[in-house]
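Here are my notes for your first read-through. Keep the model open beside them.

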Amino acid sequence: MKIWDIIIVGGGPIGIACGLEAKKKGLSYIILEKGCIVNSLYNYPLNMQFFSSSEKLEIDEIPFISIEAKPKRNEALEYYRRIVTSNHLNISLFEKVNSISKIDGHFNIVSDKNTYTSTNVIIATGFYDIPNRMNVPGEDLKKVSHYYKDPHFYSSQKVAVIGASNSAIDAALECYRKGADVSLIIRGPEVGQRVKYWVRPDIINRIEEGSIKVFYNSTVKEIKEDEIILNSPSGTTSLMNDYVLALTGYMPNFEFLEKIGIQLSADEKRLPQYDPETMETNIDNLYLAGVICGGMETHKWFIENSRIHAHMIMDDIVKKNKSVNSYQDK
Ligand SMILES: Cc1cc2nc3c(=O)[nH]c(=O)nc-3n(C[C@H](O)[C@H](O)[C@H](O)COP(=O)(O)OP(=O)(O)OC[C@H]3O[C@@H](n4cnc5c(N)ncnc54)[C@H](O)[C@@H]3O)c2cc1C
């Protein structure tokens, strides 16, 4: 059976950066991706604009050319796809990894299509697959979504947008501009401070002029077919409602990490354990890369500051390989 030097789980920007770096170092590798190339980005809102400028999203110093300084989702799809295809990266798409275990010093990786053996594993599975649920009655109704794609669908509808961060604010503004009657429900006292600096004044002005209704310090109590019930400072409030966009953030797949044996902090941050110099976890030769490293603090890592993980990991793997080879040479 072939023993791979590295199996990379996840074909997002950082998994791709790891594949590119492994190829440059002459290591055998395969990226296993459960969806399409950069699956998370593919599932972002259609009109999404990054808060980072394009050069900050570049991997391996391959130029990312975008029309505006801050690229749009479709430009990012072009960029990362071209990196994969032009560099002939070894990637298997629509292949989901279900389990990883270590047997006799090697990893056994089981996907829904195949079984692999490798010396090293990199987990770069991001955080976009599991929404933070509100855990309220009615959350599973068909009219409730934790993902937002496009505003046209919501035109002339009463839409409640839950959340105060970029995803919620972008969705509220887009839906309002396509003729939806938008109510924004915010748990805290204000629009999030991390909202893109050129978008924040826009939403605040729309709220102040009354174009978008806002309920600060409010949470959802229950969702019904034609209404949504809030706990607000003035008591229980009911709004007529057609659709709910619950854009309350996402979290990494902690169950997957725990099953592998990666230690998580006991507090609410659930930070995975890894060496910040090498990205190696508490399991030898098993590394984490990309936004998954932040646990519940999903705003801590992004492409800009985590693309470096690919170099750190590959340097460590090469260093270990050298010491094994020089030991065997003696
Ligand atoms: C709306 C939004 C806007 C953002 N804007 C910016 C920005 O402007 N600048 C910035 O730097 N960052 C931004 N980020 C953060 C960053 O873009 C993303 O989090 C980025 O995708 C992280 O890259 P990643 O490779 O670590 O994870 P991901 O891109 O999430 O990739 C993980 C991949 O793993 C795959 N996967 C998961 N589980 C499995 C499995 N079991 N088997 C196989 N494959 C699996 C997924 O399908 C996915 O393709 C934004 C995030 C969001 C949500």
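Which residues does I123 touch, not counting residues up to four places away in sequence?

1. I123 touches V9, I100, F256, L257, I260, I262, L286, Y287, L288, A289 and I292. Contact means heavy atoms within 4.5 Å.

2. A word on the source. This is a predicted model, where local features need pLDDT of at least 70, side-chain atom pairs count only at pLDDT 80 or more, and totals for chains, interfaces and linings use all residues. Residues are numbered from 1 along each chain as its sequence is written, and side-chain values use heavy atoms, leaving out hydrogens and water.

3. Now α5, residues 200–208. R200, I203, R206 and I207 are buried there (under 20% relative accessible area, 1.4 Å probe, protein chains only). Seen down the axis of α5, its buried residues fall within an arc of 135 degrees, so they line one face of the helix. The arc is that of the directions from the helix axis to the C-beta atoms. Helices (H or I, at least four residues) and strands (E, at least two) are DSSP runs, numbered from the N terminus. The buried residues of α5 pack against α4 (166–177), β10 (181–185) and β11 (213–215). G210 follows α5 and has a positive phi, near 85 degrees.

4. Look at Y44 and Y128. Both are buried. Their ring centres lie 5.0 Å apart with planes at 80 degrees, so the pair is edge-to-face (rings of Phe, Tyr and Trp, its six-membered ring, pair if their centres lie within 6.5 Å; planes over 60 degrees apart count as edge-to-face). Ring pairs link Y44, F50, Y128, Y147 and Y250 into a cluster.

Technical notes
Buried means under 20% relative accessible area, exposed over 50%, partly exposed in between (1.4 Å probe, protein chains only). Rings of Phe, Tyr and Trp (its six-membered ring) pair if their centres lie within 6.5 Å; planes under 30 degrees apart count as stacked, over 60 as edge-to-face and the rest as tilted.
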